[in-house]
Amino acid sequence: MFLHILKFELRYWLRQPIVYIFFLINALLIFGASSSESITVGQRVGNVHKNAPYVVENFYAVMSLIALLMVTAFLNSAAARDFSEKTSQIFFTTPIKKRDFLFGRFFGAIIISIIPFLGVSVGNLIGTAMPWLDDELTGPTFWSGHFHGIMVFAIPNLLFAGAIIFSIAALTRNTILSFVGSIGLLVGYIISQNMIRDIDSEVLGAMLDPFGMRTFSVATKYWTVDDRNTMSMGFEGLLLMNRLIWMSVGLLVMVFTYYRFSFSEKAGSSKKAAKVDAALPLSSARTWEPLLSVQPTFSTGISIRQLLSQIRLETISILKNTAFLVIMLFGAVNLISSMSFATSQGYGITAFPVTYQVIDVIEGSFFIFLLAVVTFYTGSIVWKERDSKVNDIYDALPYSDWIPLMSKTIALWLVIETLILVGCLIGITTQLLHGFEDIRLNVYFVKLIFVNGINFLAFISLSVFFHIMVNNKYLGYFLFIAFIIANNFVWPALDVESNLIQYGSSPELIYSDMNAFGPFLKGKVAFEFYWLLFSLVLLVVGLLYWQRGRELSFKVRTKMAAQRFTKLRPVFYTVLFGWVLFGAFLFYNSKVLNTYVTSKKMEKLQSEYEKQYKKYEDVPQPRIVAIEYAIDLFPRKTIGCFICAMDKE
Amino acid sequence: MRTIATLQEPDSGSILLGDLDVLKDKLELRKILGYLPQEFGVYPKVSAYDMLDHIAILKGIDKQRKVVVEDLLKRVNLWDVRKKALGGFSGGMKQRFGIAQALLGDPKLIIVDEPTAGLDPGERNRFYNLLSEIGEQVIVILSTHIVEDVKELCSQMAIIDKGRVLYSGSPENALQAVEGKIWKKQVPKQEVPEFSDTHPVISTRMVAGKPMVHVFSNTSPGSGFDPVQADLEDVFFTHIKGFQTSTLLS
């Protein structure tokens with residue numbers, strides 16, 4: 001019977017798309033971290049190979065924290081599904097044993113929970129095989145890292161945390177409480193680890209980490225780069241002890257659950273479950289009277305009211321969504337754990353958490369989650385009416401065609417801006433916790449909320465555009481993700497690095513305490529504006545093809561688009577010419593007035609330089625024996641003089 | 001119905017409402033339309049009031065919105081649950097919500113597709129009373145599988161089978177056309193298949209546990225057959241089975 005329940009659980013989950021979605025999310029995250037420098041998961045890899053066994057095992061350790069909220073969904077449902085789906089009365093009156101039921105469900109869900117973890121291996125294997133990575137950044141594949149990652153981190157951590165989550169769900173029969181429990185587990189973990197940091201005994205600290213991350217870093221502290229490139233850690237030494245301790249804790253929790261769990265309904269719980277319809281008697285005796293007479297108006301004013309009301313509805317629908325909250329929690333956890341890098345320069349050097357450093361951390365560890373929100377929720381929001389089957393009612397309502405498109409785009413953008421604000425707050429809190437008080441709110445605003453905010457709007461528009469044009473939710477997701485990856489890596493490979501071509505790209509905005517934004521802000525904003533104009537072009541084309549009604553074929557939609565175009569012609573040409581003109585202006589500035597050298601070209605120039613001047617290598621050179629400086633600084637001007645006197649020996 | 005409600009393009013043909021070319025100027029039709037689709041969902045996490053209020057804005061109702069929304073919620077008896085999320089509504093409550101949104105904003109053209117599914121008999125009567133009352137001033141297009149409703153409610157009807165219009169005209173004319181041509185006979189269960197092969201059977205229904213066969217025939221089909229006072233169901237089956245096509249207007 002145990003095996004039967006276990007198999008049933010496995011079959012149940014293998015049909016659920018969420019398992020594969022989580023797998024994909026993890027794979028993408030690790031893919032990003034393995035194939036680019038701008039995405040970090042856990043600590044920075046440094047000069048170790050990106051596919052070193054040490055790195056892979058470490059990914060598994062970090063991901064057991066991030067995947068905790070994912071597996072909560074599985075364990076929670078395995079334990080409490082019968083209560084939420086109301087099958088408990090059918091199921092629990094069959095002659096199954098408590099032991100078979102509990103452990104069958106538990107181990108079934110645990111086995112399924114390993115699937116999302118495998119995204120780590122897949123993401124790393126694919127990510128490090130990408131052609132744009134330098135050969136020196138990767139080494140041969142060591143399967144031991146993958147194997148140990150799963151055996152030493154994924155499974156034991158699942159058994160420990162999973163037992164706690166499963167126990168909460170099975171004993172309280174409440175689906176929300178176990179989510180709260182897993183969040184509590186995460187927060188408690190982060191706080192306790194900060195406290196343990198101060199413990200003198202390294203070994204004790206290593207034992208007190210239930211997820212084994214500290215243990216791993218203590219045990220591998222003296223590993224050289226070469227060790228890290230070739231070795232991973234199995235069940236040995238400190239790690240073995242730690243794993244045994246915390247798996248036993250998990251086991252104890254399961255034993256406790258076994259004794260406390262009961263098939264019988266809790267008294268009084270059925271009363272609460274009564275739905276609203278029971279509370280409502282059939283229609284009152286009232287007979288129908290003539291309807292109130294109203295006079296609908298269709299002015300610009302009402303269009304704006306319609307837009308605002310629709311934005312409000314869309315924004316709330318995203319913010320109330322459980323999946324959204326889960327993604328954001330991942331993001332916040334990753335951001336908070338990365339915040340320690342704002343004060344660390346590596347090699348034991350600490351620095352002040354100045355605002356531009358903190359902003360770098362936010363961009364590095366939080367923005368990937370914002371991009372995930374953009375990816376996931378543009379699809380969800382564009383398909384919202386059709387997914388909830390209210391489209392027939394909606395599409396026949398007398399609003400103009402632009403209202404849904406604009407409201408959805410703006411709503412998503414507002415959500416992203418809100419999240420950026422949350423990132424800023426986490427950053428400011430970190431600064432204050434370190435006792436650092438020189439907080440530059442204007443830098444937060446300009447860099448994150450303003451410049452990055454516009455940039456996200458361009459990507460939201462692009463994703464909305466894809467979803468409208470392909471008119472298939474999953475194809476839309478796929479295309480957008482594929483585009484993002486291609487956009488990041490294909491242009492450099494083709495030796496095209498123009499910010500006018502790589503979607504959403506713009507020059508770097510460097511802030512320094514002395515120079516502030518210096519001359520960079522103007523160019524940055526100009527390019528963001530260029531992409532904003534282009535995304536408007538995309539939105540107008542999207543508006544032409546916006547589906548209203550049940551017509552699916554591209555041909556019919558094109559016909560309708562042509563119909564709409566007669567009205568939208570001036571708007572379309574305005575944004576198109578605006579974009580082209582502004583692009584020409586930027587082209588003139590960046591390519592004609594200034595020289596533009598791609599990195600490959602630069603490399604070529606360097607090698608030619610070397611070839612040309614190599615012959616002078618052994619010619620005696622002047623050597624500096626003393627320097628006498630006369631330095632005048634003009635912070636408002638970018639003019640510097642460097643006068644230097646040299647003596648020839 | 002979807003095509004009239006601006007949701008689908010026709011393969012060919014045109015739709016005119018007065019001077020309004022529906023296929024060209026969809027927005028103008030939507031401004032006067034109240035539409036209740038056969039199947040529809042709701043946003044599970046939005047409350048009935050918020051949703052109806054939002055739809056009212058989309059229907060161009062601004063100043064009188066509060067009064068109208070509250071009035072409609074009371075009429076469809078969702079007032080007590082107006083703050084509850086739509087996701088918790090039963091089928092009947094959802095249907096009532098659908099009716100409320102269709103009636104919002106004084107529509108001049110009301111299209112209701114199977115509107116009474118999930119309503120209890122009392123509510124169905126009240127809703128039909130309302131529809132026939134509204135129908136005195138505005139156009140109501142109703143589809144239903146409950147054939148007798150048509151006689152009570154409609155001045156014009158059409159029978160559509162697999163996309164083809166088999167009859168269109170008034171219910172009275174339709175009844176007159178088959179009057180005296182419908183006959184019934186009680187037949188033992190095992191003989192029904194054979195009987196159907198030899199007679200123009202339009203329908204078989206159970207009466208007190210025994211099959212009662214209705215037959216279409218201009219003259220009495222033989223002994224044991226009694227004439228029937230034809231109802232619209234007989235009209236319906238006569239057309240569906242293809243025994244009568246003469247009244248088709250095109």
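Domain 1 of chain B runs over 16–145 and domain 2 over 174–240, with bounds that come from an automatic or database domain assignment.

A word on conventions: residues are numbered from 1 along each chain as its sequence is written, while chains are lettered from A and ligands numbered from 1 in the order in which they are written. Because the model is predicted, local features need pLDDT of at least 70 and side-chain atom pairs count only at pLDDT 80 or more, whereas totals for chains, interfaces and linings use all residues; side-chain values use heavy atoms, leaving out hydrogens and water.

Now for chain B as a whole. Its C-alpha atoms fill a box of roughly 70 × 45 × 30 Å along the principal axes. Chain B holds nine helices and eleven strands, taken as DSSP runs numbered from the N terminus (helices H or I, at least four residues; strands E, at least two). Of the 250 residues in chain B, 49% are buried, meaning under 20% relative accessible area with a 1.4 Å probe and protein chains only (exposed is over 50%, partly exposed in between). Among the contacts in chain B with a separation of 6 or more, 64% link residues 24 or more positions apart.

Helix α7 of chain B (residues 171–178) has B:P171, B:A174, B:L175, B:A177 and B:V178 buried. These residues share one side of α7(B), because they cover an arc of only 160 degrees around the axis, judged by the directions from the helix axis to the C-beta atoms. In general, an α-helix has 3.6 residues a turn, so residues three or four places apart point the same way. The cover over the buried residues of α7(B) includes α6 (147–153), β6 (157–161), β7 (164–169), β8 (182–186), β10 (210–216) and α9 (232–240) of chain B. After α7(B) comes B:G180, with a positive phi near 75 degrees.

Two of those covering strands, β8 and β10, also belong to an open sheet of four strands in chain B, ordered β9-β10-β8-β11 with antiparallel pairing. The edges are β9 (201–207) and β11 (226–227) of chain B, each pairing on one side only. Pairing here takes at least two DSSP bridges between two strands, and antiparallel β9(B) and β10(B) have six. Along them, B:S203 stands opposite B:H214, and B:T204 has B:V213 as its bridge partner. The two strands make a hairpin with two residues between them, and B:A208 in the turn has a positive phi of about 50 degrees.

Finally, the cysteines. Zero disulfides turn up over all chains, a disulfide being a pair of cysteine sulfur atoms within 2.5 Å. A:C424 is buried at 4% relative accessible area, and B:C154 counts as buried at 19%.

Notes: Contact means heavy atoms within 4.5 Å.
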